[in-house]
Amino acid sequence: MNPQSCVNIQKEWDIVGARQLGRDIARKIGFGTVDQARIATAISELARNIYLYAENGQICFEVIDNLNHKGISMVAIDNGPGIDDVSKVMEDGYSTSGGLGAGLPGVKRLMDEFDLQSESGKGTRIKAVKWVR
């Protein structure tokens, strides 16, 4: 298991830091520029959600290096209010912040694996994985 790198998300500027770190890791393990952009976009969305709804949390990155393929795993964790209706936030176009609504469904589309766990009042944990093609 590779060591993980985490970025704390507490202020808007941390979103940029998380994006940079994720993109750098993706580039180093062999993702092309299009997938690097997809990963950076997914990171932005996850980090922005932490910043907007939970006030603070963290995103941790880990390189996955299995026998047959490599990838990047991102886990976004917060102790915010949680998501009351997970199926609703996973609907395309749903937005509580007045944003574009690409949101979590967009992250799910950009990545190869997506897992969301949330409990009202206890926070949210989202894991997303992208594999090098």
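Student: Why is Glu 55 called exposed?

Tutor: This is a predicted model. Glu 55 has a relative accessibility of 60%, and exposed means over 50%, so Glu 55 counts as exposed. Glu 55 is placed in the loop between helix H2 (33-54) and strand E2 (57-65).

Student: What makes Cys 6 and Cys 60 a disulfide?

Tutor: Their sulfur atoms are 2.0 Å apart, and the cut-off is within 2.5 Å, so the pair counts as a disulfide. The structure holds one disulfide. With 105 degrees about the S-S bond, the link of Cys 6 and Cys 60 is right-handed.

Student: Which parts does the pair tie together?

Tutor: Cys 6 belongs to strand E1 (residues 5-9) and Cys 60 to strand E2, so the link ties together parts that are 54 residues apart in sequence.

Student: Why is Cys 60 called buried, and why is Cys 6 called partly exposed?

Tutor: Buried means under 20%; Cys 60 is at 4% relative accessibility, so Cys 60 counts as buried. Cys 6 is at 37%, which lies between 20% and 50%, so the term is partly exposed.

Student: How do you know that helix H4 is mostly covered?

Tutor: In H4 (residues 103-110), six of the eight residues are buried, among them Gly 103, Leu 104 and Leu 110. What covers the buried residues includes H2, helix H3 (86-89), strand E4 (113-119) and strand E5 (123-131).

Notes. Residues numbered from 1 in each chain as written. Predicted model: local features only at pLDDT ≥ 70, side-chain atom pairs only at ≥ 80, totals over all residues. Heavy atoms only, no water. Helix = DSSP H or I, 4+ residues; strand = E, 2+ residues; numbered from the N terminus. Buried < 20%, exposed > 50% of the residue type's maximum accessible area, 1.4 Å probe, protein only. Contact = heavy atoms within 4.5 Å.
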